[in-house]
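Trainee: Please take a close look at one part of this model, the disulfide and its surroundings.

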Amino acid sequence: MASSLQRLALSLVLGLAATPAATQTTAQTTVQTTAQLAARCSQLMAYYDRFGTSRSNNSDGRRNHFRMDAEVDCTRGLYTEGIATLERLLIAKKFTPPAPGLPDEPEDGL
């Protein structure tokens, strides 16, 4: 019985000692996730601007209200809402949203 109490006390001490490090790691992950979401917003907007608009006179292009709404959401830090709006817009235009991250090969052979 004494050994189980000792193990319990040791696990509590180790758990309390590890708490600040765990909190610091969580804070760093949150900042990284926010940066990744901002990059995803930029990626989807650039993809829509390049491929989702036509060159005809009747194209709404950057004037598309859903696209403008997503841009406002992304600039205000509402990344998940902006990303969802852009993905719905791309799907409505019969595009598959690109995978998150950078493309594997550089554009234009650079």
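Mentor: I start with the model and its fold, then turn to the disulfide and a residue beside it in sequence.

The model is predicted: local features need pLDDT of at least 70, side-chain atom pairs count only at pLDDT 80 or more, and totals for chains, interfaces and linings use all residues. Residues are numbered from 1 along each chain as its sequence is written, and side-chain values use heavy atoms, with hydrogens and water left out.

The protein has three helices and zero strands, in the order α-α-α from the N terminus. Helices (H or I, at least four residues) and strands (E, at least two) are DSSP runs, numbered from the N terminus.

The structure holds one disulfide, a pair of cysteine sulfur atoms within 2.5 Å. The disulfide joins Cys-41 to Cys-74, with an S to S distance of 2.1 Å. This pair links distant parts of the chain, since Cys-41 lies in helix 1 and Cys-74 in helix 2 (residues 65–75), 33 residues apart. The angle about the S-S bond is -65 degrees, a left-handed link.

Cys-41 is buried at a relative accessible area of 1%, and Cys-74 is buried at 8%. Buried means under 20% relative accessible area, exposed over 50%, and partly exposed in between (1.4 Å probe, protein chains only). Of the 110 residues in the protein, 19% are buried.

Arg-40 also lies in helix 1 (residues 2–51) and counts as buried, at 10% relative accessibility. Beyond its neighbours within four places in sequence, Arg-40 contacts Ile-83, Glu-87, Pro-97, Pro-98, Ala-99 and Pro-100, where contact means heavy atoms within 4.5 Å.
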